[in-house]
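Please read the points below with the model open beside them.

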Amino acid sequence: MAFAITQTCCNDATCVSVCPVNCIRPTPEEQAFGSTEMLHIDPETCIDCGACADACPVDAVFPVDSLPAGQQEYAAMNAAYFERTEAEGEAEAQDTGDGSGPNFHPWGEPVFDRVLPSDFGPLRVAIVGTGPAGMYAAQDLLLHTRAEVTLIDRLPTAGGLIRYGVAPDHPATKKIGDTFARFLTHPRVRLHLGLDVGRDITPEELAAHHDAVVYAVGAAADRRLGIPGEDRVGSLSATDFVAWYNGHPDVAPDAVDLSTERVVVVGNGNVALDVARLLVSDPETLTGTEIARYALAELRRSKVREVVLLGRRGPDDAAYTRPELLALKHLPEVDLVVDDHDPRVGAVVDGSRPNGKAAVLRDVAREAVDWSVPPDASGRRRIVLRFLSTPLELCGDADLRAVRATGGDGELLIPAGLALRAIGYRGVPQTGLPYDEATGTVPHERGRVTGTAGAYVVGWIKRGPSGGIGANRVCAAETVGTLLADAVAGALPAPTAGTKRFHRLARRRSHR
Ligand SMILES: Cc1cc2nc3c(=O)[nH]c(=O)nc-3n(C[C@H](O)[C@H](O)[C@H](O)COP(=O)(O)OP(=O)(O)OC[C@H]3O[C@@H](n4cnc5c(N)ncnc54)[C@H](O)[C@@H]3O)c2cc1C
Ligand SMILES: NC(=O)c1ccc[n+]([C@@H]2O[C@H](COP(=O)([O-])OP(=O)(O)OC[C@H]3O[C@@H](n4cnc5c(N)ncnc54)[C@H](OP(=O)(O)O)[C@@H]3O)[C@@H](O)[C@H]2O)c1
Ligand code: SF4
Ligand code: SF4
């Protein structure tokens, strides 16, 4: 029968370590792990023990004969990963690293890549940010050392983008928050919510009371298009839109007006797909999720019939992942259409290799969309994928009326009352830390902040705003490894005060 991994996989590799026959690929030791969209189970080797399904924090693993509706394709997708030709990477899919074949763990001499500092007192480490990066760092420190951890977040609720980013119609993904939450009450953890480092407490105060400070502050801002009209009413960042439907305290309940029939979303990443899906989904399917009550009310009043996704690249090179695109094909009562404005789009879809992103679109309708015709108010809602198209201007008076965009059919106006730029997040400068303006990150060497002894970075503020939840696990392991090596080398500056005093200070200044 075999098991298969499905859409919600976040690549954290928890399943890899519990599989008794080592049939889940790629493993974190393999090069392909860095770029894979998800992990896969080899149906030929799987012995149906179910250990991976029990261990998966986001309920992504199912027996193939009981895959949920809309996820049946994953049986074939898992199997196809192992059927690829040698040229396409069979070696990479099968390689265990020691040439012993896929069925055996490569047990060799134990390798200790980390010296545990057991000959001195417990380290006192502050972690700023309770998103996945901060929580993986905390987990690593708590499970592998005797460190005492101070966890801090500026928001009143822990979780970072698990709470305020992941879409409410992905409850399985949000469940990873439960795994992280177990560490919030660990006996060696002190948690301070509603405490903004830089505003309520200075980095110097933090450093003075701890051996090391790990900054896991994410990438809170958004990128700008730099085109005329970007500040018109009706032009919003997806960062704000996502924060709005997730009830983020920084975004006002009335920040979004859905009284328009057409929305243009600029960008082709998974965030663009999230916001498009939320805009056309039946609001009743969101009842009982973590969506903000006012957002659900606005979605119920919504006049939106059509969402146009503007992607500047072609269908094989889009930034979204295949599982998230596949999910759009299965949205109840919603049509998915490819705008046939440029012959290159259809050619790429027809000529795509079976595992390519464009292949997902082979059975999707193509239409030369007539933008002068308003979306069909009586018909089903739909998402239009317009590839090879770039926005030039957000046009209108005070309010947005249309998006001027390029395409195979020349420049044209797409009438719309709301434009969301989903073109990526961006890190913001942190008080007391260096900052690379070009990348929006803090310069570092393997997680150690350049030129700032005792300060470390992890997650999106370290790598830039890309990669799913699981990517932060590997990232945290590197940073914690560097921190511990520095501790052993005596390279951490000595704190000048105890943590008890810090906790008193933090309680006084917290805005919780
Ligand atoms: C909209 C969206 C949806 C996503 N959905 C998925 C998904 O379904 N599956 C998936 O695998 N990945 C998803 N991702 C990616 C995933 O969320 C990221 O990989 C991950 O959250 C990055 O972790 P982080 O800890 O670096 O940042 P964050 O999660 O942003 O955490 C940063 C934390 O730091 C806190 N902070 C910031 N500044 C300060 C300060 N000065 N003082 C105190 N605290 C501070 C913030 O409040 C926040 O809690 C999504 C990303 C986005 C943007
Ligand atoms: N369900 C999930 O698993 C999930 C959900 C949400 C987010 N995430 C992850 O979170 C990370 C961030 O996602 P994201 O969507 O914010 O970023 P992203 O994947 O980097 O996508 C950004 C998109 O914006 C486009 N873009 C950038 N600048 C542009 C410009 N000036 N004009 C037009 N288009 C522009 C990019 O095009 P180019 O590709 O041409 O640069 C790309 O299509 C990703 O790793 C994503 O996978 C995962
Ligand atoms: S989310 Fe983690 S445990 Fe679940 S299938 Fe993906 S890699 Fe395995
Ligand atoms: S069901 Fe068991 S054998 Fe099959 S992939 Fe999962 S852990 Fe491995």
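1. Helix α11 (residues 270-280) gives the most to the shell around ligand 2, contributing 3 residues. Helices here are DSSP runs (H or I, at least four residues), numbered from the N terminus.

2. This is a predicted model, in which local features need pLDDT of at least 70 and side-chain atom pairs count only at pLDDT 80 or more, while totals for chains, interfaces and linings use all residues. Residues are numbered from 1 along each chain as its sequence is written, ligands are numbered from 1 in the order in which they are written, and side-chain values use heavy atoms, without hydrogens and water.

3. In total, 21 residues surround ligand 2, each with a heavy atom within 4 Å of it. N268, N270, R312, R313 and G467 are the closest. By type, the shell has 9 nonpolar, 7 polar and 5 charged residues; Ala, Val, Leu, Ile, Met, Phe, Trp, Tyr, Cys and Pro count as nonpolar, Asp, Glu, Lys and Arg as charged, and the others, Gly among them, as polar.

4. Where does ligand 2 lie relative to domain 2 and domain 3? Both domain 2 (124-220 + 427-509) and domain 3 (223-424) give residues to its shell, so ligand 2 lies between them. The domain bounds come from an automatic or database domain assignment.

5. A backbone N or O atom of G467 is 2.6 Å from an oxygen atom of ligand 2. For E324, a polar side-chain atom lies 3.3 Å from a nitrogen atom of ligand 2.

6. Helix α10 (residues 238-245) has 7 of its 8 residues buried, meaning under 20% relative accessible area (1.4 Å probe, protein chains only). Among them are F241 and W244. Just after α10, G247 takes a positive phi of about 70 degrees.

Note on methods
Buried means under 20% relative accessible area, exposed over 50%, partly exposed in between (1.4 Å probe, protein chains only). Helices (H or I, at least four residues) and strands (E, at least two) are DSSP runs, numbered from the N terminus. A polar contact is a pair of N or O atoms within 3.5 Å; within protein, one must be able to donate a hydrogen and the other to accept it, and residues adjacent in sequence count only if both atoms are side-chain atoms.
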